[in-house]
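Hello,

Here is the structure I promised to pass on to you. My notes on its cores and charged pairs follow below it.

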Amino acid sequence: MLCILQARMSSKRFPGKTLKSLKGKKILEITLEQISKSKFISEIIVATSNQHSDNKIYLFCKKKNIKVFRGSLNNVASRYCQIVKKKGPRYFLRINADSPLSSKKIIDQLCKKVQKKKFDIVTNVFPRTFPKGQSVEIIRSSLIKKYIGKFDKYDLEHVTSYIRKNPYHFKIESLKCFKDFGFIKVSLDKKNDLSKIRRVF
């Protein structure tokens, strides 16, 4: 399974969060290590922008021999579309780079589901019952290539929102937690989230 990890430095709430340090490593590096624990992930590509602000992500990836792709800053969906056109996977897995507490168990469960049946998207955020920061979505590559022309500005930034707004047009499979923990946030959105994640580690 191809995993595309979207990353940027220009977060309005916490600029540069992707390369902040945690336990002697960068957030991006820890997130990559967490994802790599899944036995289903065959390749990971960091999808960042071609803006000057994201040069640091590009240089960090090159230094660490991490595959990286650069595309539009605001049209995030086009980054995914260009990658899947080049790589040709049937499905791809989408995770945000501000998720150092990503779970291999969740990734594995979603990968197993998509192997059993021909879903358009397998997700644990529709509805959300897992903590924010452990979000995983597996999308059929042909969908993003087919529907990206219908995406509005919001969809282009959030990639799968078009599918969620039009659920009856797609085969959606949701993974639900045994208990609703959707109110918990372990993603790195603000500066004070970093100290909370440090405590968890």
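The largest nonpolar core in this predicted model has 33 residues, and Leu28, Val46 and Leu93 have the most contacts inside it. Strand 1, helix 1 (27-36), strand 4 (43-49), helix 2 (55-63), strand 6 (91-96) and helix 4 are the elements that give two or more residues to this core. Helix 4 supplies the largest share, five residues.

Leaving aside residues up to four places away in sequence, Leu93 touches Met1, Leu2, Cys3, Ile4, Ile41, Ile107, Cys111, Val136, Glu137 and Ile138. There is also a second, separate core, with 24 residues, including Ala77, Ile139, Leu156 and Ile163.

Now for the charged side chains. The whole structure has 17 salt bridges, and three of them are described here, one by one.

One joins Asp189 and Lys17, with an N to O distance of 3.9 Å. Asp189 sits in the loop between strand 9 (172-174) and helix 8 (191-200), while Lys17 sits in the loop between strand 1 (2-6) and strand 2 (21-22), so this pair ties together parts that are 172 residues apart in sequence. Are these two residues buried or exposed? Asp189 counts as buried at 5% relative accessibility, and Lys17 is buried as well, with a relative accessible area of 9%.

Another salt bridge links Arg140 to Asp120, whose closest N and O atoms are 3.1 Å apart. Since Arg140 belongs to strand 8 (residues 137-140) and Asp120 to the loop between helix 4 (104-116) and strand 7 (121-123), the pair ties together parts 20 residues apart in sequence. Both partners are buried: Arg140 has a relative accessible area of 15%, and Asp120 is at 11% relative accessibility.

Arg164 is partly exposed, with a relative accessible area of 31%, whereas Glu137 is buried at 4%. Glu137 is also one of the residues that Leu93 touches.

Finally, have a look at the network around Lys17 and Asp189: salt bridges that share partners join these two with Asp98, Lys132, Lys185, Asp193 and Lys196.

Conventions:
Residues are numbered from 1 along each chain as its sequence is written. This is a predicted model: local features need pLDDT of at least 70, side-chain atom pairs count only at pLDDT 80 or more; totals for chains, interfaces and linings use all residues. Side-chain values use heavy atoms; hydrogens and water are left out. A salt bridge is a side-chain nitrogen of Lys or Arg within 4 Å of a carboxyl oxygen of Asp or Glu. Helices (H or I, at least four residues) and strands (E, at least two) are DSSP runs, numbered from the N terminus. Buried means under 20% relative accessible area, exposed over 50%, partly exposed in between (1.4 Å probe, protein chains only). A nonpolar core is a set of buried Ala, Val, Leu, Ile, Met, Phe, Trp, Tyr and Cys residues joined through side-chain atoms within 4.5 Å. Contact means heavy atoms within 4.5 Å.
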